[in-house]
Amino acid sequence: MSSRRDFVKQSAIIGTGIALAPQLTFGSNLNSSKEKLNVGFIGVGLRGTNHLNNSLLRDDINVIAICDIDPRRNTIALDMIAKAGQKKPQVFGKYDYDYRNLLALKEIDAIIISTPWLWHTRMAKDSMLAGKYTGLEVSAANTMEECWDLVNTHEETGSHLMILENVCYRRDIMAVLNMAKQNLFGELLHFRCGYQHDLRFVKLNDGKTAYGKGVEFGEKGISESAWRTQHSLLRNADVYPTHGVGPIAMMSDINRGNRFETITSMATKGVGIHNYIVKNGGKDHPNAKLKFKQGDIITSMIETSNGETIIVTHDCNSPRPYSLGFRVQGSDGIWEVDGNRIYIEGKAEKSHQWDDATNWLKEYDHPLWKKYGEHASGSGHGGMDFFVLQAFVESAKKNIAPPLDVYDAAAWSAITPLSEASIANNGEPQDFPDFTRGNWVKRKPYNWIKDSY
């Protein structure tokens, strides 16, 4: 669209139309089932080009347009597209809101958004308002208002949104999901999860190298340090909850017969980023004088309406090996990712002793991984990036609700503002909104145990 005014005008018309005829579903440029999907990419940084590369490996995606405000990233993406033998796409990114001109292209069916967090909700809203099937990287929202914005825009327009949470498709996670759905653990009781990953070398760099060199961020940084570190400086919250909580929400049918009800959070003091700056940049470096607000370890306890508890840990500013810390525990058994161990009462090799989980994971390997495992192996993040894109594309081609929908995006992302409020109020419990407006009671669980998507 040639101007912001034109976009606002069209958005207002769309909103009026759905209010008068709420049965309409926008995104009508999608047929009942398309053989090929015309896709636009907003954000072609490191994550965006990963999605682009996987899309170029498929024969059911046409790359119609790309957008990034960094011309270097557009050049990299164009080179990838040319090498894949696809037609040169339209290119946008001359200014911050140029992505709206991309959204105005009628031939585009679906959008994949891989931009800094503060742009996620506004871009996803604009995409849905433009009638596009929207794939949104994590986290989907930063504030409670943004969570509701996503839900309200979906309900007003009928346009679908999928949160692109790839860990939901990790091989061991899907095997354990298969176990849970087959009632191996009995009645589910308790979960642990989180994002435990030393990211100091990502949040700080030299402005030239993405990872591992320097102690700069913001305007002097590059890649994620240019925007991600600011959240650690200004917010004491679990700012990245979905890698951990997404798979647990799948297992416990959140928003589909169950929902998050309350959350209580607490944070340690924050010294990790400061110490890293002093060690690698010296105590006199200007960034060593900054006070980072985020606690190094943030722990949240969530209660669900069905009586399960979930401990979610955010631990990204301290030296530690990577782990998402998964535990799934029920009335008949327990699995823990750390130690690769499992115990099923009555089936364990020895009473009160852990079994190695390897054989269990092989026995309950998910149908999707059995079918596509070899094909997915080179797609990134151990293959799970193939499956999240597969689910997005197949859902978009049919224009149906995706497995990880807008209500999931809102509920999982709400952990950030709710944890922030709880920490600020000395661990006071915070209530989750019901983003489904009561419909979680009758919504049926998604059929996860199949080999399509």
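Q: Why does E394 count as buried?

A: In this predicted model, buried means under 20% relative accessible area, exposed means over 50%, and partly exposed lies in between, with a 1.4 Å probe and protein chains only. E394 has 14% relative accessibility, so this residue counts as buried. Residues are numbered from 1 along each chain as its sequence is written, and side-chain values use heavy atoms, with hydrogens and water left out. Because the model is predicted, local features need pLDDT of at least 70 and side-chain atom pairs count only at pLDDT 80 or more, whereas totals for chains, interfaces and linings use all residues.

Q: What makes the contact of E394 with R58 a salt bridge?

A: A salt bridge is defined as a side-chain nitrogen of Lys or Arg within 4 Å of a carboxyl oxygen of Asp or Glu. The closest N and O atoms of E394 and R58 are 3.6 Å apart, and the pair forms a salt bridge. This pair links distant parts of the chain, with E394 in helix α14 (residues 384-398) and R58 in the loop between α2 and β2 (61-67), 336 residues apart. Helices (H or I, at least four residues) and strands (E, at least two) are DSSP runs, numbered from the N terminus. R58 has 15% relative accessibility and therefore counts as buried. R58 and E394 also belong to a network of salt bridges that links them with D60, K397 and K398.

Q: Which side chain meets E137 in a salt bridge?

A: The partner is R47, with a distance of 3.0 Å from N to O. E137 lies in the loop between β5 (133-136) and α6 (144-157), while R47 lies in helix α2 (residues 46-56), so that the pair, 90 residues apart, links distant parts of the chain. Both E137 and R47 are buried. By contrast, K283 and D284, whose side chains meet in a salt bridge at 3.7 Å from N to O, are both exposed. A search of the whole structure finds 26 salt bridges.

Q: Why is one side of β14 and of β15 left without a neighbour in the sheet?

A: Two strands pair if DSSP finds at least two bridges between them. The open sheet has 9 strands in the order β14-β13-β12-β11-β7-β10-β9-β8-β15, with mixed pairing. β14 (355-356) and β15 (430-431) stand at its edges with a single partner strand each, and therefore one side of each has no neighbour there. β15 runs antiparallel to β8 (residues 260-267), and 2 bridges join these strands; in β15, Q430 is the bridge partner of I263.

Q: What does helix α16 touch on the sheet?

A: Helix α16 (residues 415-424) packs on the sheet and touches β8, β9 (297-304) and β15, where contact means heavy atoms within 4.5 Å. The direction of α16 makes about 55° with that of β8. Such axes are lines fitted to C-alpha atoms, for helices over the stretch in contact, and the angles run from 0 to 180 degrees between N-to-C directions.
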